[in-house]
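Reader: Can we go through this one together? I'd like to start with a helix.

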Amino acid sequence: MDNSNKIKPLSEELAASLIKNEGNSNLRESEIFDTETQSQMLSKIKTGEYSNLLKEIETKKDWKVIEKKIEKRSKKSFKFWPYAAAASIVLLVSVAFVFNKADNKDVDFGEPVIVNNNIKTGTDKATLTLEDGSTVVLEKGQDYKSNNISSNGEEIVYQPVIKHAGKEINKPVNYNMLTIPRGGQFYIQLSDGTKVWLNSESKLKYPVTFNAGETRQVELVHGEAYFDVSPSTNHKGAKFKVYHQSQEVEVLGTEFNIKAYKDENHISTTLVEGKVAVSTESVNELLVPNQQLHLNLETKTTSKATVEDVYNIIAWKEGIFSFENKPLKDILNVLSRWYDMDVIIENTVQKEERFIGTFNKSNSIEDILIAIKSTGFINTYEINNKTLTIK
Amino acid sequence: MRGGENKFTLKSYKKLFESLYPQLCVFAYKYLNDLELSKDFVQEVFLKVWEDKISFKNENHATGFFYKSVKNKCLNYLKSKQYKTTERYELANLEDYETEEFYMTEAVTIETTAVIEKAINKLPEKAAQVIRLSIEDYTNNEIANKLSISINTVKDHKKVAYRKLRSFLSFLTVK
C-alpha cells in the first residue's frame, strides 16, 4: 500500500502535538507503524537527530542552480513547442469560508459571469523614492543596489553604516520613501535592523541611516504596516517613533501593527509584544500586548480594547487573510487592495452579513469568490475587467 | 478548479522547492549515505517534475509524490551496476531499504523534524530554547533549572511561542 500522501499531514500533526506537548496519538492512530518503530521515531524527532543535517542544506543556493537549468531548458523547448504553455502543475490551495450562522438558506444560485477577468493576485512590489526625488520600481527580477541599499525586487535592506570612531558627526538625515501600490506588498529592513512589513496601498518614509543615539523616526504616511523594532538597547538607548498625521507611536523595541488607510475613518494600533505609547492630539495611551487603540479620525476620540485574537490582525504579513466575524463589505475592502479591484455589492443587506474565513494570499480572486458563494449568502458574482459585482 | 491562475510559475515552484528540498536531501542521504549525491538526485527530481508538467491534487499529494520519486531514484541507483562496482555496496542493506516500513519511517521522521525546525525558527531565541527542551520532554521545572530562569518565565516563553505559532499550529490541526 502506498501511504505517500499521508507523509505531510501525519508529520504536521505530529509536529504540532509535540510542540504543544500533547503526545503522539496520531502516530498510533495512523496504524502504519508498530509500537517499537513509533518509539524509535519519536526519540529521533525529540532529540533532533536530523536537525543538524537539515541545517547544512543550502536551499537558496541550490534553487539558483535549478532555476538556471529551468530557464535554459524552457528557452530550448520554446523553439520546438511554440504553443506550449508554461508548466501546468496545479496546486489546490485550501480555502475555507464558513458562514457564522448555522441556518443555511436555500437560494437560487446563478452562474457567475466572468467578462475579461483582469483581476490579478497581488505580488511583492513597491516604488522607492530616493532623497533627490528620483524613483526606482522594485519588483521581482529587478535588482537594485546603491550605497547601503540593496533589493532583489522582493524585499529591500538598508545596511547599517559604520562610522569612524571619534569622528561621529550627526549629519542631517536623508529620507527615502517606499510606496506600495494596490495589489502589492513589501518587506523592508531599515539600517538599524528594524523590520517592517508593508501591506498594499501603503507609504513609509524613513531615514537612509539613523544618527547614533538620536530618536529613530519614521513616518507611516498611510496604509498598514507591521513593525518589529530593533531594541533601543542596541542603539545607545535611542527610542523609535512612528509618526502619522494624526498620531505618534513611541516604542522601545517591540512588535506592533498600525492600520491607517486613507479610505477608512480610523487608525488602529495593535501591540503584539513589548510596550508602546500612542499619543494623539488629545490623549497619551500606553498599550500592553494584545491591546488595540482605536482612533476615530472624525470625532478624534480614542478607545482602547483587548483584542481576542491578535493573529487575525497580523496574519496578512504571513501571507494569509484571516477574517473573524467580519462584515462582507470590510472583507471585500481588504481584498480590493490586494487584488487591485473595484467592488460593488448590490444588496445592502449582504454588505453587513458576517463571515469567518481564512485563506492564502496566493489564491486567485475566483477561488475566494467560489468559497464565499458556497456559503449560500451571495447569489452570484460578476467580474468585468477590474470590477467585481456581488449579486 | 479553474486552471488559468493556478499554474506552477517559477515563483510558486520555488516556494514548493524551498518547502521540501532540505528534508528530501536528508531523506535521500538515509539511502545513499552521500550528501552531495543526495542533493544531485533531489535536484534532478525537481527538474523532471517541472519538465514533465506533472500536476498535483493538493499539497499532501505533492509532498508524497516527491518523497516517493526520491525513494525510487535512490533505490534504482542502489540496484544499478554503477553502484555495485563501488566498495560501499556491502554497507547497504538493500532488502531493508526496499521495505515500505523503512520508507515511511524515515520520511515521517525527517518531515516532522523539518516542520518542527521551521516552527522553532519563527521564535525569539529564548522561547526557541524553551520549546526545544520541552519537546525533549523536559518539565517546566527542569527547563527553568537548565536555563537558570524562573518557572513563570518558562511558562511565559511557552505562551509567547504558542501565540507566535498560532497560525502555524492551528493550520496544522484544522486539516
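Reader: How far apart should the ends of helix α2 of chain B be?

Author: This is a predicted model. Helix α2 of chain B covers residues 35–51. At 1.5 Å a residue, its 17 residues should span 24 Å. The end C-alpha atoms are 24 Å apart, which agrees.

Reader: Which residues of α2(B) are buried?

Author: Among them are Phe41(B), Val42(B), Val45(B), Phe46(B) and Val49(B). An α-helix has 3.6 residues a turn, so residues three or four places apart point the same way.

Reader: What comes just after α2(B)?

Author: Lys53(B), with a positive phi of about 50°.

Reader: And where is Asn33(B)?

Author: Asn33(B) sits in the loop between α1 and α2 of chain B. Its phi is positive too, near 60°, and it is not a glycine.

Reader: Is Asn33(B) exposed or buried?

Author: Exposed, because 12 other C-beta atoms lie within 10 Å, and 12 or fewer counts as exposed.

Reader: New topic. Which way do β3(A) and β4(A) run?

Author: Antiparallel, with five bridges joining them. One bridge pairs Ala126(A) with Leu138(A).

Reader: What do β3(A) and β4(A) form?

Author: A hairpin, with five residues between the strands. Gly133(A) in the turn has a positive phi of about 90°.

Reader: In what sense does β3(A) pair with β8(A)?

Author: Antiparallel, over three bridges. Thr127(A) stands opposite Thr179(A) there.

Reader: And with β9(A)?

Author: β3(A) and β9(A) pair in the parallel sense, over two bridges. Asp124(A) stands opposite Gln185(A).

Conventions: Residues numbered from 1 in each chain as written. Chains lettered and ligands numbered in written order. Predicted model: local features only at pLDDT ≥ 70, side-chain atom pairs only at ≥ 80, totals over all residues. Helix = DSSP H or I, 4+ residues; strand = E, 2+ residues; numbered from the N terminus. Expected span 1.5 Å × (residues − 1). Buried ≥ 20, exposed ≤ 12 C-beta atoms within 10 Å, placed from the backbone. Pairing = 2+ DSSP bridges.
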